[in-house]
Amino acid sequence: MVEFLQLTLSGIVFGLVYAAIALSLVLIWRGTRLLNFAQGGMAMFTTYVAIEVIYRTHSYWAGFAVALAAGLVLGAACELTVVRPTLNKPPLNSVIVTIGLLTVLEGLAGILYGGQYRSFPTAFSITGLRVGGTALGVSRSDVFVAAAVLVATLVLAVTFRYTSAGLRMRAAAFNATIARLSGIRVARVLTVGWALAGLLGALAGVLVTPSTFLYPNSMDIIFIYGFTAAVLGGLDSAVGAVVGGLVLGVALSYAGGYVGGSVGADLTSLVALGILVTVLMIRPDGLFAGSRMRRV
Amino acid sequence: MSSEALADPGPAAAGDGAASLAIEGLVAGYGEVVALDGVSVTAGAGAITAVLGANGAGKTTLLRAVSGMIKPRRGRVLLGGTDVAGRSPEQVVRAGIAHVPEGQGVIPELTVEENLRIGMMSWRARKAERAAALEEAYGRFPPLAVRRRKLASTLSGGERQMLVIARALLARPKVLLLDEPSLGLAPRVMAQVMDLVVRLSREHGLTIVLVEQNARSALSIADHGVVLNLGRVVVSADAAALAADVALRHHYLGF
C-alpha cells in the first residue's frame, strides 16, 4: 500500500512535467496545426542556458528565470525565422522544418557545451517527505515541480479564458480567417503562441533535468512522453494534455516500480510507446474527442 | 500584445460619416486563373450596391480582393480617396471596411459575447466604451442579448447571421461588404436580414456592397446594381432599371 502511494505520487509529479510539454505542443497545434518536434530540443537548450547562469551566479532562481525568458525568446525566434515561411505550404514542410530545428539545436548544444552528462541542481531538498512514519516517495523538490506546473497551467488557463489576449489567441486558433477580418493580427498571435510554448517547454526542462541529467539529447525521451500525453488528450485540448500527462506519468511510474530492477526502468519507455500506438490505433482523436467534433 | 494597441491609432474617424468605395480596374485571381479581369465598381456613400451574377462570376473574389484576403494584382480600392488595395485584412478593417464572408462566419466554439468582442479587436478603447458598444449591439439585436453567455453553436441560422453582422458593425466600419447574407435562411428570416441591411444603410449611413445569388431580393433593396460575368462588369445600372430590364434579367440573372 505504501509502495502504491509512493509510486502514484511520484507518477503525478513526473506526469505534470509531461503535461507541461504536452501543453506546449497543444498550444502550437491549436494555433498552426503543426506538431513541433523541436519542442524537446528547445527545452534542452534553455536548460543549458539555465545551468550556465547558475554556474556563474550561484543562484538557482536566476537560472530558473533566465531559462523561462530564454524559452519565450527562443519560441518566438523559431516561429519568426524558420516556421513562418512554411505556413500555407503543405503540412509536411513544417514537420520537416521542426525536425531540422531539433537537429540544429542538439548539434549546437553539443558544439557549445560538449556532450558530457551534467547534473542540474534542484531548488529544494530532495530528501523524501514523511507523514508520521510513512515515506511519501516525494520530496520538497517534487512538490515544487508539481506546484510550478500547476501554477503555470492555471495562469495560462485564466489568460486564455478571461483576457482579451486570450480571446485573440482562441479566435485565431479556431478560425484564422474570421480573426483576420476582425482585425486580429493572427501572425503576431502565432508568434506569441510559440513564445508561450517555448516558456512552458523551458519550465519543463528545468524541472525535469535534475532527474535525467543534462546532455544534448536529454529531452528526447521527455518529448516523447509529452507527445504521448498530448495525443492521449487529443492534441486539441488543454485539459486533455494535463490529464494525459497525469495518466501517462502514473502508468509509467507503476510500470517502472512494480516490475523490478533494470527491466522496470527499461520498460517505461516501452510502455509509453505502447500507449501511444494503442491510442493512435483505437482513438486517434484522443480520449477527449468525440463530443467536440468541429462543425465547419 | 498591448504593443499592438500602441501602434494602432484606433478607430479614428471610423463609424462617423459615410464614405464611398471606388474599385478601379481590379485584377485578381488564384494561381493561373484570373477571377477578376479589370473590375470597376463604385459604391456610393450610404447607398446599397448589389453585386450580382452567376456562380463563378467573381462576386466573392471581388469582396475577398477588397478586404485583403487575396492580393489584387492590379487596380485600386479607394476608400474615401485612400487606396487600400494590397493591404492585409487586419489593416483593411482598421481602415473602415468590414467584410462578412459567406457561410459560417460565427466561431461556434466561442460564446455569443466572445464572438462579438472579436469585432472590437480592431480599435482601442476603454473598458467602459467597449461595454457600451456591446450593449448597443445587444440593443439592436435582442435575441443575441438573451444568449450572450451561450456558445454560438446554439444559435439558429438567422441568429448566426445577426451575430456576424453585429460583429462586423462593432468594428465601426464605414463600408460593409456582405457576401450572401441570405444564404440558407428561411424566407421570413431572409426578409428580416434584408430589412436590417436597408436600415443600416438608411439610418446609419453605412455604405453597403451586397453580393447575392438571389438577384430579385437584392435588387429590391439596392440603390445600384452591378452584374459580373466571368470576371468582368457587364452591366452597371440603377437597381430599379436593372430589375425592370427583362432581357437583361433573363440573360444574366435568371429571373
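**Note on the helix packing, the chain contact and the sheet**

1. Helix H2 (residues 39–57) and helix H3 (residues 60–83) of chain A pack at an angle of about 145°, and their axes are 8 Å apart. Axes are lines fitted to C-alpha atoms, for helices over the stretch in contact; angles run from 0 to 180 degrees between N-to-C directions. Helices (H or I, at least four residues) and strands (E, at least two) are DSSP runs, numbered from the N terminus.

2. This is a predicted model: local features need pLDDT of at least 70, side-chain atom pairs count only at pLDDT 80 or more, and totals for chains, interfaces and linings use all residues. Residues are numbered from 1 along each chain as its sequence is written, while chains are lettered from A and ligands numbered from 1 in the order in which they are written.

3. H2(A) passes H3(A) in a right-handed crossing. A crossing is left-handed if the near helix is turned anticlockwise from the far one by less than a right angle, and right-handed if clockwise. The contact includes A:Phe45, A:Val49 and A:Val53 of H2(A). From H3(A) it includes A:Ala67, A:Gly71 and A:Leu74. Residues are in contact if their C-beta atoms, placed from the backbone, lie within 7 Å. By class, the contact of H2(A) with H3(A) has 15 nonpolar, six polar and no charged residues. Ala, Val, Leu, Ile, Met, Phe, Trp, Tyr, Cys and Pro count as nonpolar; Asp, Glu, Lys and Arg as charged; the others, Gly among them, as polar.

4. H2(A) also packs with helix H4 (residues 91–113) of chain A, at about 20° and with axes 9 Å apart. H2(A) and H4(A) are therefore roughly parallel (angles under 35 degrees). Their crossing is left-handed. A:Gly41, A:Met42, A:Met44, A:Phe45 and A:Tyr48 of H2(A) meet residues of H4(A), among them A:Leu101, A:Leu105 and A:Glu106.

5. Chain A gives 20 residues to the contact with chain B, and chain B gives 24. On the side of chain A, helices H6 (164–174), H7 (176–181) and H8 (186–208) each give two or more residues. H6(A) gives the most, with six. That side divides into 10 nonpolar, four polar and six charged residues.

6. Chain B holds an open, antiparallel sheet of four strands, in the order E2-E1-E4-E5. Strands pair if DSSP finds at least two bridges between them. The edge strands are E2 (33–43) and E5 (82–83). Eight bridges join E1 (residues 21–30) to E2(B). B:Val27 stands opposite B:Asp37 in E2(B). Helix H2 (residues 59–67) of chain B lies across E1, E2 and E4 (74–79), running at about 75° to E2(B).

Key. Contact = placed C-beta atoms within 7 Å. Parallel < 35°, antiparallel > 145°, perpendicular 65-115°, else oblique.
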